[in-house]
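Trainee: I have a model open and would like to go through it with you. Can we start with single residues and then turn to the whole chain?

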Amino acid sequence: SNDSAIPQAISRVKNVLNQEPANLHYLKELSGLYGQKGDVREELNSLKKVVKLESSAAYLVKAGIATYKLKYFDNALDYFKRALKADASYAKTYYPMALTFGKLGMFDKKVVMLEQGTKIRSGHAATHYELGRMYSDMGKNKKALPLFLKANELDSKKVKYKMGVALAYLNVGETEKSIELYEKIIAQDQSISEVYYNLSIARTKTGDLNQGLLDISMAIKLEPSSPIYLYTIGSISESLNNETAAIGYYQRAINIDDKYYKPLLNLGNIYDRQGEYSKSIKSLVKAYELAPEDQGVVFSLGTSFLHNKQYDTAITLLEKAYNNDKKSTKKLYTLSLAYTENGENDKAAKGFVEVIKMDSNFYDAYFYLGQLLYSLDKKDEARTLFNKVLELNPKYEKKSIIDEMI
């Protein structure tokens, strides 16, 4: 009941243990008192003595939790394994053991342990929530949603459980439900930046970019040094055609974390659209160094090299991007443009023909194939293609060129 009560109790218990060092009852009392005091190291020392005398699952788990708190994860796992061996039905083993597997990078075992935990300890909200998080990280969003709902049902006071449900709704495409729940969370607590961030993502999915911009601005107000938040507000600004603002946000994100490739990618794409190809290539090369297997980066860098008339390098990258996504008409079309610029007419023609087969309304492919055939003196075939362009898009931006050639 007061600050001195626990130290006094510890002193009295230790006096008894000085006379009776193997007194199990008082060793348990001492471990509990140290736990109340928050002295984890001394709590563990007492628990070690307890489990030497009585290897019960309950006290092995207590020892495991104390060891976990001290970040001796391998030793904690040993305690939990001993607890399972002592009594596999002891429900409180599964959750802390799962967390320990996670700390050791053994995520498959973490999932198994949580799955068993939800069965044997069905009323423990944290187990359901943690398994939901694991499923979300694995992309199993439909399996995650009922777990988050269950956690929230078991303990509706915890905001993080509501956040789990809201995120699960967002991930399974129930965006309006997600928005509604995030708004309720904000009405309860305005201090969580992640809520505003996820709400901004939900808003953009519904096309409400202006409100999304306000939401991510609130997230940044709460956590101004988050590169992810700065990247997100840059992306929304870019979608609202405010490229100047977007550039500023992307640069701020990069200044905070120069290993974060996504703002580098978007920055490079903006510079490319603006015709600043040297800036674009510089930014995209950095993104490529950080994420060489990201096909969006590969394609954007290849496109920028194409616009900068570095055709051999462009073709190498664009071929890589297309070979990893052969269903993409855009990637094949851009590669075919690069072949055209590099004088590889057969490859270019074959590419444009394939694009048209994939998408019969891709009028740019008709135009550039027509131009190519016209330059090869196949003018009748070219005119047919040009007429098809104007049929598909009577206001085509290169109509004057077509009129002249026809």
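Trainee: Where is the place of Asp377?

Mentor: Asp377 sits in the loop between helix H22 (363–375) and helix H23 (379–392). Helices here are DSSP runs of H or I with at least four residues, strands are runs of E with at least two, and both are numbered from the N terminus. Before we go on, this is a predicted model, where local features need pLDDT of at least 70, side-chain atom pairs count only at pLDDT 80 or more, and totals for chains, interfaces and linings use all residues. Residues are numbered from 1 along each chain as its sequence is written, and side-chain values use heavy atoms, with hydrogens and water left out.

Trainee: Is Asp377 buried or exposed?

Mentor: Asp377 counts as exposed, at 58% relative accessibility. Buried means under 20% relative accessible area, exposed means over 50%, and partly exposed is in between (1.4 Å probe, protein chains only). Asp377 also has a positive phi of about 65 degrees, although it is not a glycine.

Trainee: What about Asn241, what is its phi?

Mentor: Asn241 has a positive phi of about 65 degrees, and it is not a glycine. It is found in the loop between helix H14 (227–239) and helix H15 (243–256).

Trainee: What box do the C-alpha atoms fill?

Mentor: Roughly 110 × 40 × 35 Å, taken along the principal axes.

Trainee: And how many of the 406 residues count as buried?

Mentor: The figure is 46% of the 406 residues.

Trainee: Which residues touch the most other members of the largest nonpolar core?

Mentor: Ile185, Val195 and Ile216 do, in a core of 71 residues. Helix H10 (residues 159–171) gives the most to this core, with eight residues. A nonpolar core is a set of buried Ala, Val, Leu, Ile, Met, Phe, Trp, Tyr and Cys residues joined through side-chain atoms within 4.5 Å. A second, separate core has 56 residues, including Phe305, Tyr366, Leu373 and Phe386.

Trainee: Where is Ala219, and is it buried or exposed?

Mentor: Ala219 is in helix H13 (residues 209–222). It is buried, with a relative accessible area of 0%. Leaving aside neighbours within four places in sequence, Ala219 is in contact with Ser193, Tyr196, Tyr197 and Tyr229.

Trainee: Which helix holds Ala66?

Mentor: Ala66 is in helix H4 (residues 57–69), and it counts as buried at 1% relative accessibility. Not counting residues up to four places away in sequence, Ala66 touches Val40, Glu43, Leu44 and Leu47.

Trainee: One more helix. What does Ser336 touch?

Mentor: Not counting residues up to four places away in sequence, Ser336 touches Ala348, Gly351 and Phe352. Ser336 lies in helix H20 (residues 329–341) and is buried, with a relative accessible area of 0%.

Trainee: And what does Leu337 touch?

Mentor: Leu337 also lies in helix H20. With residues up to four places away in sequence not counted, Leu337 touches Leu306, Phe352 and Tyr368. The C-alpha atoms of Leu337 and Val159 are separated by 53 Å, and these two residues are 178 residues apart along the chain.

Trainee: Last one: where is Gly296?

Mentor: Gly296 is in helix H18 (residues 295–307). It is partly exposed, with a relative accessible area of 34%.

Notes: Contact means heavy atoms within 4.5 Å.
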